[in-house]
Amino acid sequence: MEIFGISSQALLGQLFLGLINGSFYAVLSLGLAIIFGLLNIINFSHGALYMMGAFVSWIGLTQFGMSYWASLVLTPLIVGVLGIVIERLLLRHLYKLDHLYSLLLTFGLALIAEGVFRNLYGISGETYEVPELLQGGIDLGFMYLPLYRGWVVVAALSVCAVTWYTIEKTSLGATLRAATEKPELVQALGINVPVLVTATYGVGVALAAFAGVLAAPVVQVNPLMGSNLIIVVFAVVVIGGMGSILGSIVTGLGLGIVEGLTKVVYPEASAVIIFVIMVVVLLLRPAGLFGKQA
Amino acid sequence: MKSNYAADAAAQSRRTVLMFVALAVVGLLAPFALYPTFLMKMLCFALFACAFNLLLGYVGLLSFGHAAFFGGAAYVCGYLAKEQGWSPETAILAGTLTAAVMGWAFGAIAIKRSGIYFAMITLALAQLVFFLALQLPFTGGEDGLQGIPRGKLLGLFDLSDNMAMYFFVFGVFMLGFAVIYRTIHSPFGQILKAIRENEPRAISLGYDVHHYKLLAFVISASLAGMAGATKALVFQLASLTDAHWHMSGEVVLMTLLGGMGTILGPAVGASTIVTLQTQLADKVGSWVTVIIGVIFVVCVLAFRRGIVGELTALRQRLTGSHS
Amino acid sequence: MKLKPIIQALGLALATVGAAQAQISDNVVKIGVLTDLSGVYSDVAGKGTVVATEMAIADFLAKEKPAFKVEMVSADHQNKGDIAANKAREWFERDQVDVASELVTTSVALAVMKIAKEKNRIALISGAASTLVTNKECNDVTVQWTYDTYAVANGTAKAVVKQGGKKWFFLTADYAFGHSLEKDAGDVVKANGGEVVGSVRHPFPGSDFSSYLLKAQASGAQIIGLANAGGDTINAIKQAAEFGITQKQQLAGLLMFITDIHSLGLKATQNMYLTEGFYWDLNEETRAWSKRFFEKTKRMPTMIQAGQYSSVMHYLKAVKSINTDDTAKVMTQMKKTPINDFFAKNGSIRVDGRMVHDMYLLQVKKPAESKTPWDYYHVRATIPAAEAFQPLSASTCPLVKK
C-alpha cells in the first residue's frame, strides 16, 4: 500500500523508530525542563550527564557485573549524587548572576566530562549488550520491532508520566513550584529551600542518566553521544516552553515523530528540521508552545 | 574627587595611540621569532573574538551562532578563490559581505528576543547554515573545501610565501580591530553602551533600540566573516569545523577568558586558547579539551572579568586611578 | 666593520646550505605517521600503524645500517581533514618532516596530498581507500600503497553477484570514501548482470543505523552493500541483526578488516566475502612478521598496518640507495624499484601513484572451522595485480599519458 508514493511499510517503520527516538528526547528534555523551569539553570552539561549514565552502566556491567536492571536504578542514583555535588560546589555561586553564566559553566563541565572519557576510552564506542530478557523481537508486519526498543518507549514514557504527575499534581511538586517563584516565602514557611533546590537538580541529572542507561544498548556508548544530542534537546525544551514539563514531553515525542517522517521524505534534513521548527515557533509563540509568558 | 576632564581625555588618546603602536610593533616583529602560520591562526581567531565581543561585551547579547558567519564566509571565500579564481582580497571581501547579509538576516529574526531565547535562535539559525554547509555540493561536505589557493594580493604579491601572507593577515586584523575600536568609541558606541546598561531608559529617550542592536549585529557578523575568510586562505581549507556549534562555543570562551567588554580582552583570550591548543596538543593530546573546560569553569566562577579585566582592575587598585 | 668578508662568509654559508640539500637534510629522515588514534578507524589503522612504522624503522636501521638517522613523529587526525592538513603543514613547514604517512580516511588523505605537493614532500598512503587519490586528485608526490575501493569492490561485489546476489541496495558513509566505494561496487554489480535498486547515505561517523537499515529493508533488495568501514560497518551489521534484517536479506561488507571480524565474531560474519591485500596466515613470511606484530600489540595486523610497514621500508630503502631525501628523486627511485617483501610480491608503483600488488578474495569461516584465535578466513582466490586494480587506460589522472 502506498501513501504519497511511499510504501506504508516504510512510513510506519520510520514513524515507529521516530517514536523510539522521541522517547529519548522526552526523558532528556524533561530533566532539562525541570532544571530550568524550577531552578533557572541552563544546564548545558545535560548531554554529558546522559553520556556518563551510559558509561557508568557499561563500566558497571564490564567491571562489576552490575546487571542492566540494577543499572536502571543505581546509575541514576550515582550520577544524581554527582549532580548534587556539582550543584553544591559550583552552581550555587551563580544563582545571583545572569542565567548565561550557568550556561557557560555547565558547557565547561561538559567539555571536561567529554574530554576525560574521550581520553580514557577513545571515541569509537563500546558495546553494551541488550539484556537477555529483552533480546529478540516481534514481527509487527510493517517492521520487525526489537523487543528492547519497545521497552525503551514503555520505560521512558512511564518515567515521564510519573515525573509529570509528581510535579503537577502532588503537594511536593506544588512546594517545588512555589519555591522557585517565591523562595523567601517558602523558606519562611519552614521548608529548607536550598536542600529542595539541590535535590531537584539531582533529580534532573538522574533523569539524564536514566536516559543514558536506556540508550546504552541502542547506540554505541561513546563520549560524544551527548554532544550530538544536547542542542537538539535544548531546542525541544525551548519549543515546548522552557519551564513547561508537559511541553517538553509532548515536544520530545513530537520531534521524534517529525524526524521519522523527515527521514522518509528527505533524510538529510532530519538533523536540522528541529531548528527550523524552533525558529518558526519562537517567532509565532515567543514563550514556546506550552510556555507561560514571563 | 575632582578630575581634570581635558587631561583625562588627553591621557586616553595617548593610551590609544600607544596601544595601536605597541600592537603594530609586536605584530610586525613577531613572525621573525615565532612560526608564522601559528601567528596567523592567532590573528584570525583574535579578530573573530573581538568581533564577537562587540555583540557580547558592548551590546550584552550572547550569540551562540557566530560560527555560521565564520564558517559561511570561509566557504564563500574559498569557493571564489578556488573555483572562480578570485584574488585574495576580493574573495575575503565577498566572504565578509556574505557574513554581513547573514548577520542582517539572523539579527532581524533574533533581536526581537533577548537572553537565552536570543542565544537559542542564533544557535538554531547557525545549525541551518551548518546543514547547508554539509549538503551543498560546492562545500565538499565532510571532506571540506580543500586546496584553496592563496593567490596574489592585488595581482602583485604572491601570498603562498608565509611571510607575505602573515603581513597581509596582520593588516586584515588591524583593519578589523580599528573598525571595532572606532565603533565602540563613537556616538554609536555610546548609545550601545546605554542600551546595554538600561534599555528601557534608552527607549524612553527616543532611540530605536532594535535598529542599533541590528547594526551592531551586522558589524559583528561581518568582521567574524572577515576572520573566517582570511583563515580559509591561510590554511587553504574550509571545513565543517568552521561552521560547527563547537566553534561558536570556543569563541565565547576566548572572549570570556580574555575579558568581555574590554577592547583587547578577546584578542588576548584568543591568543591564549590558540597557544594552549597548539602547544599542548603535542604534549597532552586530547587532554586539551579537558583543560579548556577547566578554564571555562574557573573563569565563570572566579575570573569573570577575564585576563584583561582583572589586569585593569589590578592596575586601578595599585595606582588608585580611575580611567 | 669590514663588510666584504662578512658578505663572503654569508655567501659561503648559503652555498654550503645549498650544497647540503643534495644529501639528507640535517642528516635525519623524519617520518610522520598521521592516523586515527581514537575514532572509528582506530582499530583497523591507529596505534597499530605507529607500531608497524616503528618496526620498519628498527628493522631498517638494524639491517641496512645507514649513515643517516631516522626519526618518527605521530599524530591523531581524528578523521578530520582540517586537523590533518594543519598538522601536515606544521610538520612540513616547521619540523622538517620528510614524509606524511598512513593517512587513513579519504578526506584526510586528499587534504594532506595537496599540502605535500605544495611543500614538496611525500605523502605515503596506506589506509585511505578512495580511487580519487590515483585519478582526478592524483599528484606526483603521493603513493597509495595498500588497496583502494576499486580493488575491494572488484573482488567482493563480483563474488557476491556471481553467487546469485543480483539486487543491491547500498548503505553509504556520506563522504568521499563512501561515495567512491558505492560507485565502484555499483559499477561491478551492473557489469556482472546485477542491478542497484537504491541507496541511502548516513552521516560519518554514524551510530544509529536503524532508520537507514529500515529503508534498505523496504527496498526489497537481496543484498545490502555496506559502503562504509571500521566502526560504521560493525554497528550496521549488529543493528541489522537486531532488526531481523539478516533473516531475509544478506549483508555485503564491501570493505572489511580482520579486526572487524574479531569484533563481531564468526557467528555474525560467517560466509561473508571480503577482499583484502594481506592476511596474516597466507604463508610462512606473513606468519613470521605477523607474530612479531602480535607480540607488540596483542592483535593480528590488518592490511593497513602491514602495508604501512611495507611502504615505510620501501621509502627508507629508496632514500638510502640514492643517498638523498629530495622528494622528486626519491619518488622516481621508489617507482623504479619493485616491491618484494612479506606484504607484496612483484609489486610496483605506477605513474599514477598506485602500488599494484596481488589482492586476495577471502571468505569468513564458520565458527566450527576456526582452529585457533584469529583463524578467520578461507583464501578463495588470489587476484593478480594486473587484474585487481583499475587499469591505467581508464584512469582520469593527468599524469597518465594516453
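Trainee: How many residues does the contact take from chain B and from chain A?
Mentor: This is a predicted model, in which local features need pLDDT of at least 70, side-chain atom pairs count only at pLDDT 80 or more, and totals for chains, interfaces and linings use all residues. Residues are numbered from 1 along each chain as written, chains are lettered from A in the order written, and side-chain values use heavy atoms, without hydrogens or water. Contact means heavy atoms within 4.5 Å. The contact takes 33 residues from chain B and 39 residues from chain A.

Trainee: How many salt bridges and polar contacts cross the interface of chain B and chain A?
Mentor: A salt bridge needs a side-chain nitrogen of Lys or Arg within 4 Å of a carboxyl oxygen of Asp or Glu. A polar contact is a pair of N or O atoms within 3.5 Å; within protein, one must be able to donate a hydrogen and the other to accept it, and residues adjacent in sequence count only if both atoms are side-chain atoms. The rules find zero salt bridges and one residue pair in polar contact, both at pLDDT 80 or more.

Trainee: Which element gives the most to the side of chain B that touches chain A?
Mentor: Helices (H or I, at least four residues) and strands (E, at least two) are DSSP runs, numbered from the N terminus. α5 (115-135), α10 (245-258) and α12 (287-302) of chain B each give two or more residues. With eleven residues, the top contributor is α5(B).

Trainee: What area is buried between chain A and chain C?
Mentor: Here the contact takes 21 residues from chain A and 19 residues from chain C. Carbon and sulfur atoms give 50% of the buried area, which is about 1,900 Å².

Trainee: Which residue of chain A forms a salt bridge with D208(C)?
Mentor: Two salt bridges cross the interface of chain A and chain C. In one with D208(C), the closest N and O atoms are 3.6 Å apart, and the partner is R149(A).

Definitions and conventions:
Buried area is the accessible area (1.4 Å probe) that two parts lose on being put together, summed over both.
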